[in-house]
Amino acid sequence: MRQFFKFVLATIVGLAAFSFIGFLVLAGIIGAAASAGDRKEVAANSVLELKLNEPLSERGRDSRFNFGGNGSATGLVDLKEAIKRAKTDGDIKGILLNLGIIQGGMASLEEVRDALIDFKKSGKFVVAYHEIASEKSFYLSSVANEIYLNPQGTLEFNGLSSEVMFYKRLFDKAGIQPYIFRVGSFKSAVEPFFRENFSDSARYQTLSFLNSINGYMVGQVAKARGIASARLNVISDSMLVHNAPDALRLKLVSKLGYFDEVQDYMRGKLDLAKDKKPNLVSLSEYTKNDKADENEGKTSGNRIAVIYAEGDIVTGKGSDDNIGSTKFAEAIRKARLDDKVKAVVLRINSPGGSSLASDIIYREVVLTKKVKPIIASMSDVAASGGYYIAMACDTIVAHPNTITGSIGVFGVLPNIQPLLADKLGITVDRVTTGKFSDLPTITRPLSEFEKRTLQEEVNRIYADFTSKAAQGRHMPVERLRRLASGRVWSGLEAKNNGLVDVLGDYQTALKIAAARAHLKADDYRVQRLPRQRSEIENILSTFGMGDDDEAKTKALKTELGPLYPAYAQYQQLMQMRGVQARLPYTLDIQ
């Protein structure tokens with residue numbers, strides 16, 4: 001309540017500076033925000049339409065009230081909850097997957113796919129329509145009762161790939177000399193800075209986990225479409241699908257048809273006359289507010305806290321798009337000290353980041369484990385620092401196609417003296433009180449002693465990381481280090497070598513947490529942390545009335561003008577200072 005009055009007061013004070021027109025505009029926006037969360041009444045005999053044309057994230061993001069920030073994102077929590085509710089909703093008779101190119105990880109798609117399979121158990125239909133079907137969208141729609149592909153459309157089914165850009169030649173031309181400090185032959189996050197292509201070890205590990213993920217995907221499609229895995233591998237490896245008739249002939253889709261023909265199919269399922277248009281309900285119209293408990297209507301005072309850790313791991317408070325060590329340590333601490341919270345699920349979707357920030361969060365996990373169960377649920381990625389914050393949990397749950405492992409650390413310190421002197425004509429001089437007073441510096445070469453000192457620090461942090469991982473996994477540190485060295489694994493590979501305990505999804509982790517806390521399925525509610533900002537708070541921060549980082553960012557953009565991009569780059573570099581526990585480069589699986 002105190003927070004509410006603070007924002008009301010900020011609004012009143014801020015409005016004093018607004019014109020009457022500005023007041024009306026703001027009032028209109030606030031009115032829209034107030035009504036945005038209202039659930040639309042669903043007409044009888046409707047179909048839930050899922051387009052999934054926004055990126056998938058763990059929790060949704062609405063850009064309507066987040067001006068100047070990141071765009072909208074479909075929340076995995078909301079999406080799965082909507083499908084679950086539609087299963088028992090008498091007004092919803094089926095689901096239409098109207099899909100194109102999906103922006104989401106393989107593990108997230110697996111959770112949505114499982115939710116659709118569960119939905120079909122109700123006897124309701126799932127129909128899919130594609131004009132362009134990417135590998136991911138086809139994988140999701142493979143569970144549908146009927147799959148329609150536009151006669152002039154395309155379907156991609158030729159295996160997975162991952163592409164990386166290398167910057168060595170760019171740095172050579174620009175006059176930037178990167179000093180690299182790393183441990184492990186597989187810690188290839190820094191390779192783009194000093195190589196022109198994959199090293200043998202990087203290529204080996206990438207091929208290994210891509211084959212694992214692709215093999216699992218092919219096996220699941222085989223079950224859904226009734227086609228032998230060996231046959232699907234031939235279709236994929238030989239790229240036998242070139243057009244829509246190929247997809248139909250090879251039985252990857254059920255029918256070739258236009259959208260009006262999909263509507264005819266739905267009319268038949270809904271028992272509608274030919275002149276009646278099927279009533280389609282969008283996800284945004286149907287979805288619940290993210291603040292709703294998953295066990296809505298239950299009166300139990302018991303809680304399971306689900307803490308969503310998504311994005312890069314950074315020191316400090318962070319933002320809505322990353323994992324700030326201060327904010328997430330506080331969230332875990334809050335769950336630990338709350339007597340109503342009987343167990344914790346740490347939901348992780350992160351490539352890692354600062355080793356210091358990861359260790360701060362890890363410490364809170366260790367303390368929580370001493371007093372109540374804490375279960376890790378890995379989503380698309382839980383690697384390096386993402387694995388660091390999971391490794392002390394009682395149980396680690398991962399999807400077969402989760403990207404995990406990458407137990408290793410690195411540091412990068414660029415020397416830009418050649419850029420300044422040779423390209424820009426800038427020289428640098430310095431005065432110091434000691435021989436190493438200016439270390440770390442990016443405006444001169446490092447001495448051999450300095451390079452050795454920095455490498456020793458990276459070695460020390462790696463030894464600490466692997467020792468803690470070995471302790472958490474209950475295995476000898478020598479064995480753990482054989483699995484480490486920065487190597488990336490699929491969830492299936494990680495399960496086979498002991499880095500994760502259970503293959504499953506978020507619901508699997510939630511059930512394990514409840515069992516460890518001796519809670520029955522109907523004897524707890526889910527509390528989601530950290531708290532997300534409301535639409536009103538987004539609006540206030542946009543107008544500079546909040547006290548958060550978004551308001552500060554807006555003020556800085558106004559103050560710095562065209563210089564702000566340079567400042568933003570500087571801030572990004574500052575977030576990455578120190579030793580990093582990050583995934584090798586940016587993995588984009590297509």
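**A buried alanine, a parallel sheet and some ring contacts**

A331 counts as buried, because its relative accessibility is 7% and the cut-off for buried is under 20%. This value, like the others below, comes from a predicted model. A331 belongs to helix 13, which covers residues 325–337. Leaving aside residues up to four places away in sequence, A331 touches I307, L529 and P530. I361 lies 30 residues from A331 in sequence, and the C-alpha atoms of A331 and I361 are 9.7 Å apart in space.

The next region is built around strand 5, residues 125–133. Strand 5 is mostly covered, with seven of its nine residues buried. It has strand 4, residues 92–99, as a parallel partner, and six bridges join strand 4 to strand 5. One point of contact in this pairing is L97, whose bridge partner in strand 5 is A128. Between these two strands comes helix 4, residues 106–120, and strand 4, helix 4 and strand 5 form a right-handed β-α-β unit.

Strand 5 also pairs with strand 6, residues 146–155, again in the parallel sense and over six bridges. Here I132 has T154 of strand 6 as its bridge partner. The chain gets from strand 5 to strand 6 by way of helix 5, residues 135–141, and this β-α-β crossover is right-handed.

Aromatic side chains are the next topic. A pair of aromatic rings is described by the distance of the centres and the angle of the planes. The structure holds ten aromatic pairs. One of them joins Y167 and F171: the ring centres are 6.4 Å apart and the planes meet at 25°, so this pair is stacked. The stacking label follows because planes under 30 degrees apart count as stacked. How exposed or buried are the two residues of this pair? Y167 is partly exposed, because its relative accessible area is 34%, a value between the limits of 20% and 50%. F171 counts as buried, at 17% relative accessibility.

Ring pairs also link F125, Y148 and Y265 into a cluster.

The charged end of R85 sits over the ring of Y286, at 3.8 Å from the ring centre. In a second case, R487 places its charged end over the ring of W489, 4.0 Å from the centre of that ring.

How values were computed. Residues are numbered from 1 along each chain as its sequence is written. This is a predicted model: local features need pLDDT of at least 70, side-chain atom pairs count only at pLDDT 80 or more; totals for chains, interfaces and linings use all residues. Side-chain values use heavy atoms; hydrogens and water are left out. Buried means under 20% relative accessible area, exposed over 50%, partly exposed in between (1.4 Å probe, protein chains only). Helices (H or I, at least four residues) and strands (E, at least two) are DSSP runs, numbered from the N terminus. Two strands pair if DSSP finds at least two bridges between them. A crossover is right-handed if, with the strands pointing away from the viewer, the path from the first strand over the helix to the second runs clockwise. Contact means heavy atoms within 4.5 Å. Rings of Phe, Tyr and Trp (its six-membered ring) pair if their centres lie within 6.5 Å; planes under 30 degrees apart count as stacked, over 60 as edge-to-face and the rest as tilted. A charge sits over a ring if NZ of Lys or CZ of Arg is within 6 Å of the ring centre and within 35 degrees of the ring normal.
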